[in-house]
Amino acid sequence: EVERKLEKKTMEELKSLLKLNNMLLAGTKADLLRRVADGVIFGAVPQCPTCRGHLHLEDAPEGPGAVFRCRKTNRDREPCGFEVAQHELRRRPFLGAEQFR
């Protein structure tokens, strides 16, 4: 239901929803659709609490489940290194979600 409504949106409309929620804007239309649908259903992904960068969903290197990891680097090109298990991430309400429910 949510994805079907989102498929009608343009890239710019999807990006504006992500920007409103301070989420990652990069990727293909399919990436943006998945990110917005995930936000509508589960809540917006917050910024990295350490450096305010964007958190990226990645498969966990060991064991089941996925993790959100910050890929931002500092001026010395050192990675932030923050990561949190997907099931432990505290999400916030996704602004604009009501139009897709």
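How much space lies in the largest pocket? About 350 Å³. A pocket here is an open set of points on a 1 Å grid over the protein atoms alone, where a 1.4 Å probe fits, with protein on both sides within 12 Å along at least five of seven lines; lining residues have an atom within 4 Å of a point.

This is a predicted model: local features need pLDDT of at least 70, side-chain atom pairs need 80 or more, and totals for chains, interfaces and linings use all residues. Residues are numbered from 1 along each chain, and side-chain values use heavy atoms, without hydrogens or water.

The pocket is lined by 17 residues, and R35, L55, H56, L57 and F68 are the closest to its centre. Helix 3 gives the largest share of the lining, 4 residues. Strand 1 (55-59) supplies at least two.

Helix 2 (residues 11-20) and helix 3 (residues 29-42) have axes that come within 10 Å and cross at roughly 40 degrees. Helix 2 is therefore oblique to helix 3. Their crossing is left-handed. The contact (heavy atoms within 4.5 Å) involves M11, L14, K15, L17 and L18 of helix 2, and K29, L32, L33, R35 and V36 of helix 3.

Terms used:
Axes are lines fitted to C-alpha atoms, for helices over the stretch in contact, and angles run from 0 to 180 degrees between N-to-C directions. Angles under 35 degrees count as roughly parallel, over 145 as roughly antiparallel, 65 to 115 as roughly perpendicular and the rest as oblique. A crossing is left-handed if the near helix is turned anticlockwise from the far one by less than a right angle, and right-handed if clockwise. Grid points are joined across faces, edges and corners, and a volume is the space filled by probe spheres set on the points.
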